[in-house]
Amino acid sequence: ALEYVRSHPLDPIDTADFEQQCGVGVVVTPEQIEEAVEAAVHKHRAELLSERYRFNMGLLMGEARGRLRWADGKSIKNEVDLQVLHLLGPKTEADLEKKPKAGKAKPAEAEKQQAVAEENGGVTLETKSLMEQLRGEALKFHKPGENYKTEGYVLTPHTMTLMKQHLEITGGQVRTRFPPEPNGILHIGHAKAINFNFGYAKANGGVCFLRYDDTNPEKEEEKYFSAIRDMVEWLGYKPHAVTHASDYFDQLYAWAVELIRRGHAYVCHQRVEEIKGHNPPPSPWRDRPVEESLLLFEGMKKGKFEEGEATLRMKLVMEDGKLDPVAYRIKYMPHHRTGDRWCIYPTYDYTHCLCDSIEQITHSLCTKEFQARRSSYFWLCNALGVYCPVQWEYGRLNLLYTVVSKRKIIRLVEAGAVRDWDDPRLFTLTALRRRGFPPEAINSFCARVGVTVAQTTMEPHLLEACVREVLNERAPRAMAVLQPLRVTITNFPTQKALEVLVPNFPADETKGFHKVPFQATIYIEQSDFREALPLQVLDKGYKRLAPGQPVGLRHTGYVIAVQNVVKDAGGQVMELEVTCTKSDAVEKPKAFIHWVSEPLVCEVRLYERLFLHKNPEDPAEVPAGFLSDLNPDSLRVVAGALADASVRSAKPLDRFQFERLGYFSVDPDSAEGKNVTSLRAQDKCSRNTCNMVTGFRLPVFVMQKSSVCKMLSIGFLCTLVRYDYESCETRVLTFSFVKES
């Protein structure tokens, strides 16, 4: 009965239809109850025979009740007891014994999720896909056309008529919108908003608008418009339509005039400073005559007042206690689309709900800070008698060790701490793309965070874990040397260079190979060679190249051994002279190292976190302000790095996994036709290797240089695998879990 009344809020009740929906006059016979219970017992017969009276009988009653909605519950219970007794017979002593409590041991996956949740302040990452989380009833949102069933929705005599018109326009389709302000670049928090708005529409067969909230001409620039759309499409979403709040300036102005006529708005002369704060004084002009406000508002439009001298305010009190929010203010600033036509511009509080109404939005999805505006959202639409959508709020997504405020990013740029909005140390979407993050990984991260009501603050390494999952399948392997050490193979088997086949993806060789030249002169990492001085013994854990300790060269099938160490006058190792032997002719070496031959010279930029503390904006954590918390080692440029020839044809933003180093991305700074010289002594290089290599500069970015850890759980045993980038060692620890530890 309650559901029927809720579905017909303003319609006169049809008694016959009402009674039919409530089951009045429906007769359920004992035979029908018997058949329904018999079907439920037959379905669970095997479990009943196995568990006997320990089986959950409520399941049988629930299924029978599902078949017979109007059946008497007591009659169903009596029939269940009778049929179970007939199947199992009387209870035995074993049936009367208490069922032992199951142990509370958690499965490995649950333990893993709990560990992740503890690491992220109690936030559990979702395992469902974004579409699964957003589809159908998952979020308990209203269905299109049933706005009035939402808690707090205000009904008027015109609500059902407007709803019918809305359904005629939309055809019952879900409609959402993503409404960014074009005054900055989107960041990781916007990625969640994009996924939520576009994803909810997509999951439910609807459409999503990209609407620019371009109501503040002071801060808007054309580059932000194009960058925002670029990022939306980069994440894989296509807007149903691209609109602007300025498209509706004429309609918004007409509605403002109507709002004054209805006595819901007035022109006020209080200054901005006077109405700021939680308890501003009421306006002395709140009750001025309607005709006077209409005349003054027309004067505002015609430029008869200075900026700040007059505003149009709405007569309402918001949830946070804010009194009479401003609807229009004066700004003598040309608009990027309308030019000098307007000198008054609407505010967000006025524009938001009315643009949603014009575009027939069904679900207006906003972050939690806009919850205080929900009542004003409903009030304004109803005050003007227009279709009223429903505003739903969700929690923001924040990351530690960063700032995303547009104002603070501008200060970082001005201070020279970062180059621009796309500096890879930032978490703007353009910066993440330049850093090499694939859009699929960002979407996956947003799905794992899930749609939450509470604000979510995550560690950056969780985003990086999503990136690694994608790049492990997408980024082909290559070899590169950051700190080159020249190695000459004195007994190289041929006069010409050999061609070595290197798998693009070692775990799946069906994805192809690339060829790498292998000749008498190669380059290895300086850290892969260690010279034991007299009376010194190498560390037990050191397994790479040293006098008396050979190593294998990856993918070649050869093992090299040191014969001579060439040093300069200062005692620095400049070159190694080695001999090579087929790997099947000698004892298997302790380690295999990467190398390059006939390499491409490139510049490598290694990035760390931009800030030292988790919350650089928190005065309690960083009293001197976020600019004082900059990490001096957040960028290290390696100018003379060498990469194998397979990356020569790479384009900007192409990604690679450099073996034993990490994931790298070709930077847009790279340019063709530039001669790049090696920073090493050129007289030791042949003309075929790195003396004036013609190609392009290849700056590449590593995502995170810190150690990579992966937890593998099997039962109650855990293996921790840690790769140390400094020593290039892999250490394995195996230990068991202790209860409550």
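# Contacts, confidence and aromatic rings

Modeller: Residues 24 or more positions apart account for 69% of the contacts in the chain with a separation of 6 or more, a contact being heavy atoms within 4.5 Å. The model is predicted: local features need pLDDT of at least 70 and side-chain atom pairs count only at pLDDT 80 or more, whereas totals for chains, interfaces and linings use all residues. Residues are numbered from 1 along each chain as its sequence is written, and side-chain values use heavy atoms, with hydrogens and water left out.

Biologist: In which helix of the chain is confidence highest?

Modeller: Confidence is given as pLDDT, the predictor's value for each residue from 0 to 100; its mean over the chain is 84, and 85% of residues reach 70 or more. Helices (H or I, at least four residues) and strands (E, at least two) are DSSP runs numbered from the N terminus. The lowest mean, 30, belongs to strand β27 (residues 693-695), and the highest, 97, to residues 249-261, helix α13.

Biologist: How many contacts beyond near neighbours in sequence does the stretch of residues 673-719 have in the model?

Modeller: The pLDDT of residues 673-719 is below 50. Where pLDDT is low, the predicted coordinates should not be read in detail.

Biologist: Which residue, with a positive phi, follows α13?

Modeller: Buried residues (under 20% relative accessible area with a 1.4 Å probe, protein chains only; exposed is over 50%, partly exposed in between) in α13 include Phe249, Leu252, Trp255 and Ile260. After the helix comes a residue with phi near 80°, namely Gly263.

Biologist: What kind of aromatic pair do Tyr253 and Trp342 form?

Modeller: Rings of Phe, Tyr and Trp (its six-membered ring) pair if their centres lie within 6.5 Å; planes under 30 degrees apart are stacked, over 60 edge-to-face, and the rest tilted. Tyr253 lies in α13 and Trp342 in the loop between β6 (326-330) and β7 (344-346), 89 residues apart, and both are buried. Their centres are 5.7 Å apart with 55° between the planes, so by the cut-offs the pair is tilted.

Biologist: Which residue has its charged end over the ring of Tyr253?

Modeller: Tyr253 belongs to an aromatic cluster that also includes Phe249, Phe297 and Trp342. A charge sits over a ring if NZ of Lys or CZ of Arg is within 6 Å of the ring centre and within 35 degrees of the ring normal. At 4.5 Å from the centre of the Tyr253 ring, the residue is Lys301.

Biologist: Which cysteine has the sulfur nearest to that of Cys388?

Modeller: Cys388 is buried, at a relative accessible area of 2%. A disulfide is a pair of cysteine sulfur atoms within 2.5 Å, and the count in this structure is zero. The nearest sulfur to Cys388 is 4.2 Å away and belongs to Cys381.

Biologist: What is the relative accessibility of Ser246?

Modeller: Ser246 is in the loop between β3 (241-244) and α13. Leaving aside neighbours within four places in sequence, Ser246 contacts Asp214, His335, Arg337 and Thr338. Ser246 counts as buried because its relative accessibility is 7%.
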